[in-house]
Structures are given as C-alpha cells and as structure tokens.
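Thanks for making the time this morning. I would like to walk you through one model, so please keep the sequence and the structure in view while I talk.

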Amino acid sequence: MCGRYLYYYDKDDEEIQKIVKQIDKNKSKTVSGEIYPSNMATVIVRSVLTSLKWGYLLSKSNLIINARSETLLQKPLFKNSYLDGKRCLIPAQIFFEWKKENTKKIKYEIFSNYKKTFFMAGIYNSFTDKEENKVFSYVILTTDSNKYIEKIHNRMPVIINSREDQFLWMNKSTQLKDLNNIIKKSSNIELNFRQNQKIN
C-alpha cells in the first residue's frame with residue numbers, strides 16, 4: 001500500500017508545468033510536504049492542477065486510501081470511478097514504506113533516480129460528509145512491487161512515467177485494454193530507496 005508520500009509544489013518544476021495548463025484556485029488549501037491520509041493534496045485532473053482529499057470516507061472510521069489495481073473492476077466503489085473516466089495523477093517526489101526489521105518498523109523513502117517529480121495513478125469521486133457537504137476525494141492505485149523495491153514492501157503505487165500514458169490515463173475515452181497496459185508498465189519503473197532519518 002501507500003500510506004504517506006512527499007510532495008512540494010514548485011512553480012518552476014518542469015515535470016508539472018509540461019502537463020498542467022492552468023492552476024485551480026483551491027491550490028492554496030493543499031498541504032505541501034509530507035502528505036497524510038485525509039489531507040487536501042495536489043492532484044491533476046484532466047491536465048488541471050487542483051486539490052482533492054486523500055481517501056474515500058465511507059464512514060466516520062473507515063477511510064480507504066488505496067485501491068488494488070488488480071481488483072478495480074470487481075468493486076463497485078472503484079469500478080464506477082475507473083470506468084467513468086474519473087482518473088487522476090498524483091505528483092510526488094517520494095513515497096514512504098515501512099519494513100519490519102526485528103522488533104522495529106523502519107521507514108524508507110522510495111524515489112526515482114531520473115525524475116524529480118513522478119506521477120502516481122489515482123481515481124477520484126465525490127462523497128457527502130457529515131455536514132452534507134460534497135467532498136471530492138481520491139485514492140492511489142497500487143500494484144505488486146517491482147524488483148527494485150520488493151525487499152522493502154510487497155506493494156507499490158502504480159506510477160505513470162511517459163507523457164503519452166499520462167494523457168491517456170486522464171482521457172475519459174481511453175479503452176480498458178490501454179488502461180491495463182499503462183498499469184502493467186509500473187513493473188519496469190526504476191526506483192531507489194534509502195532509510196528515512198526522521199523517527200515517525
């Protein structure tokens with residue numbers, strides 16, 4: 001799974017500027033730095049940078065932050081978002097995983113050697129909170145970890161590297177077989193990791 005990640009918005013970041021055409025007014029409400037579940041965070045929807053809440057809130061104590069890509073079509077909660085074109089990209093510089101070593105859980109930073117900012121695949125939808133307000137939320141899609149990080153954790157976010165695949169992912173008319181091929185490419189994404197120095 002992906003339970004936390006790091007993203008700093010940088011107006012000079014070329015990876016963001018090549019895909020973003022305009023900046024949503026809600027950007028100022030987003031968290032910058034380490035992103036936790038339920039935070040408002042920067043997300044790209046149809047080439048627009050906006051802010052959505054991380055996690056589908058099904059009840060007061062049930063927040064779903066990840067969706068297994070292998071079972072998307074088997075669960076109505078995710079299937080509708082996926083097939084209706086409610087697909088997004090979540091920019092990040094690092095995502096975190098914890099590995100159990102003896103009696104301790106060690107926090108690791110996982111990152112790309114080649115791209116300052118990479119993009120995780122997500123889906124989004126709208127929900128009604130307890131105050132009857134409409135809230136737009138996203139979850140991060142996950143897949144089996146590839147050979148670069150399988151020693152740290154058995155799951156990883158689906159990462160979409162190429163510009164062409166990024167636009168296909170957000171295009172409502174992209175066919176299911178092409179979406180599945182994009183997900184499979186995560187197995188070839190070269191990643192690296194290091195132990196996080198902060199204790200948390």
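Predicted model: local features only at pLDDT ≥ 70, side-chain atom pairs only at ≥ 80, totals over all residues.

The secondary structure consists of four helices and 15 strands, and if we take the contacts between residues at least 6 apart in sequence, 68% of them join residues at least 24 apart.

Let me turn to helix 3, which spans residues 163-170 and whose buried residues are Asp165, Gln166, Trp169 and Met170. These residues lie on the same side of helix 3, because the arc they cover around the axis is only 130 degrees. As a general point, an α-helix has 3.6 residues a turn, so residues three or four places apart point the same way. The cover over the buried residues of helix 3 includes helix 2, helix 4 and strands 4, 9, 12 and 13. On Trp169 there is one further detail, namely that Arg87 lies over the face of its ring, at 5.9 Å from the ring centre.

Now to the aromatic rings, where the count comes to seven pairs. In the pair of Trp54 and Tyr138, the ring centres are 6.3 Å apart and the planes are at 10 degrees, which is under the 30-degree limit, so the pair counts as stacked. Trp54 belongs to strand 5 and Tyr138 to strand 13, 84 residues apart, so to speak a link between distant parts of the chain, and both residues are buried. Ring pairs also bring in Tyr5, giving a cluster of Tyr5, Trp54 and Tyr138.

Technical notes. Residues numbered from 1 in each chain as written. Heavy atoms only, no water. Buried < 20%, exposed > 50% of the residue type's maximum accessible area, 1.4 Å probe, protein only. Helix = DSSP H or I, 4+ residues; strand = E, 2+ residues; numbered from the N terminus. Arc of directions from axis to C-beta. Contact = heavy atoms within 4.5 Å. Phe/Tyr/Trp six-rings, centres within 6.5 Å; stacked < 30°, edge-to-face > 60°. Lys NZ or Arg CZ within 6 Å of the ring centre and 35° of its normal.
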